[in-house]
Amino acid sequence: MQTGLALKALYSADICEQFYEVDRDAITLTPVFVAFAPTDCTVRLNDEHDDFRWLSLDKAAALLPFAGQRATLEHIKKEFVDRQPNPLLHIET
């Protein structure tokens, strides 16, 4: 994995983010995934990244510029934080 994380579990979030890209005059539909990593993990960055940080859901939502992104994060909270993830969404890695 690009970050070097050894995941505990990986799921389909059962949601796609959809947004319009003005410069391409196109609608992009992007599947969303949820990964669970150990709390003591070490993140490895490559040349595509210059920083990372762990945030609470509320702090992460406050940084997201688009309503669709915030709605996706709320969906993840409801389906993966507040309750056990549906085992049918589990992805074998």
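## Cysteines

At 43% relative accessibility, Cys16 counts as partly exposed, a class that lies between buried (under 20% relative accessible area) and exposed (over 50%), as judged with a 1.4 Å probe and protein chains only. Cys41 is likewise partly exposed, with a relative accessible area of 22%. Across the whole structure, a search finds zero disulfides, a disulfide being a pair of cysteine sulfur atoms within 2.5 Å.

## Basis of the model

This is a predicted model, in which local features need pLDDT of at least 70 and side-chain atom pairs count only at pLDDT 80 or more, while totals for chains, interfaces and linings use all residues. Residues are numbered from 1 along each chain as its sequence is written, and side-chain values use heavy atoms, with hydrogens and water left out.

## Overall architecture

The protein chain has two helices and two strands, and these follow the pattern β-β-α-α when read along the sequence; the elements are DSSP runs numbered from the N terminus, with helices (H or I) of at least four residues and strands (E) of at least two. Taken along the principal axes, the C-alpha atoms fill a box of roughly 40 × 35 × 25 Å.

Buried residues make up 19% of the 93 residues in the protein chain. The accessible surface comes to about 7400 Å², of which 53% belongs to carbon and sulfur atoms, with areas taken from the Shrake-Rupley method with a 1.4 Å probe, and only the protein chains shown counting as cover for residues. Among contacts (heavy atoms within 4.5 Å) between residues at least 6 apart in sequence, 56% join residues at least 24 apart.

## Nonpolar core

The largest nonpolar core has eight residues in all, namely Ala9, Tyr11, Ala13, Val32, Val34, Ile76, Phe80 and Leu89. Strand 1, strand 2 and helix 2 (67-81) each supply at least two residues of this core, and the largest share, three residues, comes from strand 1. Such a core is a set of buried Ala, Val, Leu, Ile, Met, Phe, Trp, Tyr and Cys residues joined through side-chain atoms within 4.5 Å. In soluble globular proteins, nonpolar side chains tend to be buried together.

## Aromatic pairs

A search of the whole structure finds three aromatic pairs, where rings of Phe, Tyr and Trp (its six-membered ring) pair if their centres lie within 6.5 Å, and planes under 30 degrees apart count as stacked, over 60 as edge-to-face and the rest as tilted. One of them joins Tyr11 and Phe36 edge-to-face, at 5.8 Å centre to centre and 80° between the planes. This pair links distant parts of the chain, with Tyr11 in strand 1 and Phe36 in strand 2, 25 residues apart. Tyr11 is buried, with a relative accessible area of 12%, whereas Phe36 is partly exposed at 29%.

The rings of Phe52 and Trp54 have their centres 5.9 Å apart and their planes at 80°, so this pair is edge-to-face. Phe52 is partly exposed at 37% relative accessibility, while Trp54 is exposed, with a relative accessible area of 59%. Tyr11, Phe36 and Phe80 form one aromatic cluster.

## Positive phi values

Asp14, placed in strand 1 (residues 9-21), has a phi near 60°, a positive value in a residue other than glycine, and counts as exposed at 56% relative accessibility. Asp25, found in the loop between strand 1 and strand 2 (26-36), has a phi near 50°, again a positive value in a residue other than glycine, and Asp25 is exposed, with a relative accessible area of 59%.
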